[in-house]
Amino acid sequence: MEYRKLGKSELKVSAIGFGGIPIQKTNKEQVKELLIRCEEKGVNFIDTARGYTVSEEYIGYALEGRREKWIIATKSMARDKDSMIKDVEKSLENLRTDYIDLYQLHNVKTDEDYYKVLSEDGAYNALLEMKGKGKIGHIGITSHSLDILNIAVETGKFETIMYPYNLVENQGEKLFNRAKELNIGVIAMKPMAGGALTDGKLALKYILQNNNVTTAIPGMATLEEIEENTKVGENLDILTEDEKNKIVEISKELGTEFCRRCGYCGPCPEGIDIPGILILKAYKERYGLQEWAEQRYYSIKNRAKDCVECGSCEKKCPYDLPIRKMLKEVRKCFNE
Ligand code: SF4
Ligand code: SF4
């Protein structure tokens with residue numbers, strides 16, 4: 001496994017990290033098994049969040065007795081100082097540790113958010129305080145907004161940034177260059193474009209060819225995914241001509257108007273699971289799973305036809321997707 005230095009820190013993290021989102025669907029014994037296998041394959045970096053329901057707790061259980069083998073990152077959406085202090089304490093409790101290596105401000109989305117977290121009684125000062133007490137080691141920021149991170153990297157306040165990066169979303173490359181110049185660690189989220197990319201090996205290889213990226217954090221909820229993903233970090237040879245052509249093809253096919261399944265658009269007042277519905281169209285049209293997708297679609301209670309076009313989801317989508325229009329296309333696709 002290749003290891004890369006995380007910004008100015010002394011930490012050397014595996015090029016393939018462990019993304020803590022999908023383990024929410026498993027149980028703590030399974031997570032223990034997954035993390036033991038990850039250790040054997042050289043993975044030493046884990047990223048979770050207060051917002052990922054049971055993820056921190058499962059990880060805490062799974063790492064009991066083996067904490068020192070891991071570099072743990074988590075994050076919180078708290079925006080004010082008091083809430084952030086409570087969240088750090090909660091993360092420490094969930095993760096069963098007295099020290100978190102990297103704590104991040106999670107999904108700082110708007111200018112308002114950004115100035116709030118950096119204000120006198122904002123979340124950033126809570127993290128500084130916790131760092132002073134030795135409860136966290138480093139401070140990072142995550143966002144889907146290039147504008148926010150372009151500002152954040154210049155402040156000298158953050159040791160890492162996390163931003164989406166994959167073969168169909170490479171708009172962050174200039175930002176990553178700048179981060180590298182400033183010796184700021186770069187964590188690539190959404191390596192599989194939220195499930196839109198199915199060739200995991202190619203997707204990860206593409207990301208890690210970029211030396212400005214410190215680590216990519218695919219979610220891994222099965223042993224097979226661990227085998228497949230860690231192989232990439234073990235042998236980072238350059239992209240072949242065939243692979244490059246394939247990347248061009250995939251980019252053309254997906255375009256930019258596709259759901260990354262981040263879930264930020266919810267909750268829909270009509271109870272529609274927006275990413276869940278949108279992906280079924282992709283399964284039906286792109287992956288040839290027509291019958292399977294139709295069965296799944298018609299078994300869902302609240303579907304595209306139930307959208308009342310209130311538009312609240314679109315205001316929250318970090319990719320500015322025209323969700324209402326996309327749901328109309330879903331209706332057409334399923335003859336509804
Ligand atoms: S526009 Fe439709 S899908 Fe979006 S929140 Fe409103 S009802 Fe739900
Ligand atoms: S529609 Fe937008 S906000 Fe909702 S899951 Fe997809 S990418 Fe995320």
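This is a predicted model: local features need pLDDT of at least 70, side-chain atom pairs count only at pLDDT 80 or more; totals for chains, interfaces and linings use all residues.

Eight strands make up an open sheet, and their order is β3-β4-β5-β6-β7-β8-β9-β10. The pairing in this sheet is parallel. At the edges stand β3, residues 18–19, and β10, residues 215–216. Each of these two has a single partner strand, so one side of each is left without a neighbour in the sheet. Within the sheet, β6, which covers residues 100–105, pairs with β7, residues 136–142, in the parallel sense and over five bridges. Leucine 105 has isoleucine 141 of β7 standing opposite.

Strand β5, residues 71–76, brings us to threonine 74. Is this threonine 74 buried or exposed? Its relative accessibility is 0%, so threonine 74 counts as buried. A polar atom of its side chain lies 3.4 Å from the backbone nitrogen of alanine 49. Setting aside residues up to four places away in sequence, threonine 74 touches Thr48, Ala49, Arg50, Glu56, Ser91, Leu95, Ile100, Leu102, Tyr103 and Gln104. Among these contacts, Ile100 and Leu102 fall within the residue range of β6.

I turn now to helix α8, residues 200–208. Eight of its nine residues are buried, so α8 is largely enclosed by the rest of the structure. The buried residues are Gly200, Leu202, Ala203, Leu204, Lys205, Tyr206, Ile207 and Leu208. What do they pack against? Their partners include the strands β1 (3–5), β9 (185–189) and β10. The helices α7 (173–181), α9 (223–234) and α10 (241–254) also pack against them.

The loop between α8 and β10 holds asparagine 210. With a relative accessibility of 13%, asparagine 210 counts as buried. Beyond its neighbours within four places in sequence, asparagine 210 is in contact with Arg4, Tyr165, Glu173 and Phe176. Isoleucine 36 is 174 residues apart from asparagine 210 along the chain, and their C-alpha atoms are separated by 28 Å.

A further residue is tyrosine 61, in helix α2, residues 55–63. Tyrosine 61 and lysine 32 are 29 residues apart in sequence, and their C-alpha atoms are 7.4 Å apart in space. Not counting residues up to four places away in sequence, tyrosine 61 touches Lys28, Glu29, Lys32 and Arg96.

Finally, the ligands. Around ligand 1 there are 13 residues, of which Cys268, Cys307, Cys310, Gly311 and Cys313 are the closest. Helices α13 (312–316) and α14 (323–333) are the elements that give two or more residues to this shell. By class, the shell around ligand 1 holds eight nonpolar, two polar and three charged residues. Cysteine 307 has a relative accessibility of 23% and therefore counts as partly exposed.

Ligand 2 likewise has 13 residues around it, and Cys259, Cys262, Gly263, Cys265 and Cys317 come nearest. Its shell contains ten nonpolar, one polar and two charged residues. Cysteine 259 is buried, at a relative accessible area of 18%.

Thank you for your attention.

Conventions: Residues are numbered from 1 along each chain as its sequence is written. Chains are lettered from A and ligands numbered from 1 in the order in which they are written. Side-chain values use heavy atoms; hydrogens and water are left out. A residue is near a molecule or strand if one of its heavy atoms lies within 4 Å of it. Helices (H or I, at least four residues) and strands (E, at least two) are DSSP runs, numbered from the N terminus. Ala, Val, Leu, Ile, Met, Phe, Trp, Tyr, Cys and Pro count as nonpolar, Asp, Glu, Lys and Arg as charged, and the others, Gly among them, as polar. Two strands pair if DSSP finds at least two bridges between them. Buried means under 20% relative accessible area, exposed over 50%, partly exposed in between (1.4 Å probe, protein chains only). Contact means heavy atoms within 4.5 Å. A polar contact is a pair of N or O atoms within 3.5 Å; within protein, one must be able to donate a hydrogen and the other to accept it, and residues adjacent in sequence count only if both atoms are side-chain atoms.
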